[in-house]
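Visitor: I would like to learn how to read a structure like this one, step by step. Where should we begin?

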Amino acid sequence: MQSNLSSDVIVEILMRLPVKSICRFKCVCKLWCLLISDPTFIKRHLNLAIIDKDIEHQRQKLILRSSSTPSLYHVECAAMTSNDVMAVKLHFPLISSFDKVKFIGSFNLKRIPNFYIDINRSLDDRVSRPLVYGFGYDHSFDDYNVVKFMYESIVYVYSLKTDTWRRAQRFSYRRFNSDSGVHLNGAVHWVFARGKDFSLVSMPRLIVAFDFAEGKFRELPRPYDDAENVTAVGVLGGCLCWLGEQQDFWVMKEYAVKESWTKVVIGVPFLNLRPSFLKNDEALLVINEGLIVYNPKEDTHREIVIHGINGRGNLEIETYVESLVSLNV
C-alpha cells in the first residue's frame, strides 16, 4: 500500500483513534499490522490518553455489574449525553464463579499468582475480617501493584514487574469493610480507624493511603473531624472525594491540602454514593441503586435509565479507558 503521508504522520493519526478502529486497520496491510502490534506503539497509544483529557474521555467506558444477574456489561461514556443508554453484555473468563467476582480497579494487569501464608498470629490478627485488596500503578518504577490485607495487621504487596509478593509495614489501623479503595497519585486510599480501645462504630474515620513508591501507609487530612458516618472515599475528575450518607460530599481540589476541601451539595438524598467520571462540567454519580448525571455549576441533575440489564438490583460500576494492551503480554 502506497501513501503520500510519511510514517510519522500515519503513527500520529493512528494514535488518536479508538481501539476498535485501530484493530480493524490491522487488516489494511502487513506494515500497519506490524506497527499497531508493536509494544512501543501500544504504550504510546495508552500514554496519550493519560496526558490528553479529550482522548481520555473519548476512550472512557463504564463496566457494570448488577446484583440481580451474573453478568458484566459495558456502556459508552459518550452515550451519557442521553437519558436512555444501552448496556452491552460482556464475555469474561470468571463467569463460573461470578459470586466471587469483585471490582478492585482498572489497570493493564494480567492474572496474578495466588498467595497464601500460614504464620503464628497474635489474637488481634486472628479476628475474622473480610479480605481487602488495593490496586494501582507506581509511576516511579513503571510497575503495577496489588495490596492484600491478609489479617487484621498483616499486609502484602504484589509487584507485576518482579512477579513477587513482599510484606509491607505493619498495619496499625482498623478497617470497616472489604472496600477496595481508590487509586490516585500513585497510592490507594481507604477510610480506616486508628486504635483498638474503642468500639469500631464510634471510632473517627481517617483517610489512609498506601504509597506504592514509598511502600508505606500515610494519613491525609480530612475536611472535618466528626466523621462517624463516612465509610468510603472516591475519585472525581482527578480529585479525592470524602463520601458520607447525606445530601453532600467533599472534594479535595488540591491533593493532600486540607484547605482545598470543597463541599458539594446535591439535591438527591442517598444512603450510598460513588462518583464516577467528570466531563463537560458534569459528574456521573452512582446513587443508591441507580445513576444520575449531576451538573455542579447549575446545581441540576438528571437520571440515567440503563437498558439491556436483566432484572433490577444494586449497581457496581468501574470506569476504565480502553487500550491496545493485551492481557497475554
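Guide: Let us begin with contacts, where a contact means heavy atoms within 4.5 Å. Among contacts in the protein chain between residues at least 6 apart in sequence, 51% join residues at least 24 apart. Please keep in mind that this is a predicted model, in which local features need pLDDT of at least 70 and side-chain atom pairs count only at pLDDT 80 or more, while totals for chains, interfaces and linings use all residues. Residues are numbered from 1 along each chain as its sequence is written, and side-chain values use heavy atoms, with hydrogens and water left out.

Visitor: What is the mean pLDDT of the protein chain?

Guide: The pLDDT is the predictor's confidence in each residue, from 0 to 100; its mean here is 79, and 78% of the residues reach 70 or more. Over residues 117-128, however, the pLDDT is below 50. Where pLDDT is low, the predicted coordinates should not be read in detail.

Visitor: Why is strand β12 largely enclosed by the rest of the structure?

Guide: Strands are DSSP runs of E with at least two residues, numbered from the N terminus, and buried means under 20% relative accessible area (1.4 Å probe, protein chains only). Strand β12 (residues 206-211) is largely enclosed because 6 of its 6 residues are buried.

Visitor: Which way do the residues of β12 point?

Guide: In a regular strand the side chains alternate between the two faces of the sheet. Here L206, V208 and F210 point one way from β12, whereas I207, A209 and D211 point the other way.

Methods
Buried means under 20% relative accessible area, exposed over 50%, partly exposed in between (1.4 Å probe, protein chains only). Helices (H or I, at least four residues) and strands (E, at least two) are DSSP runs, numbered from the N terminus.
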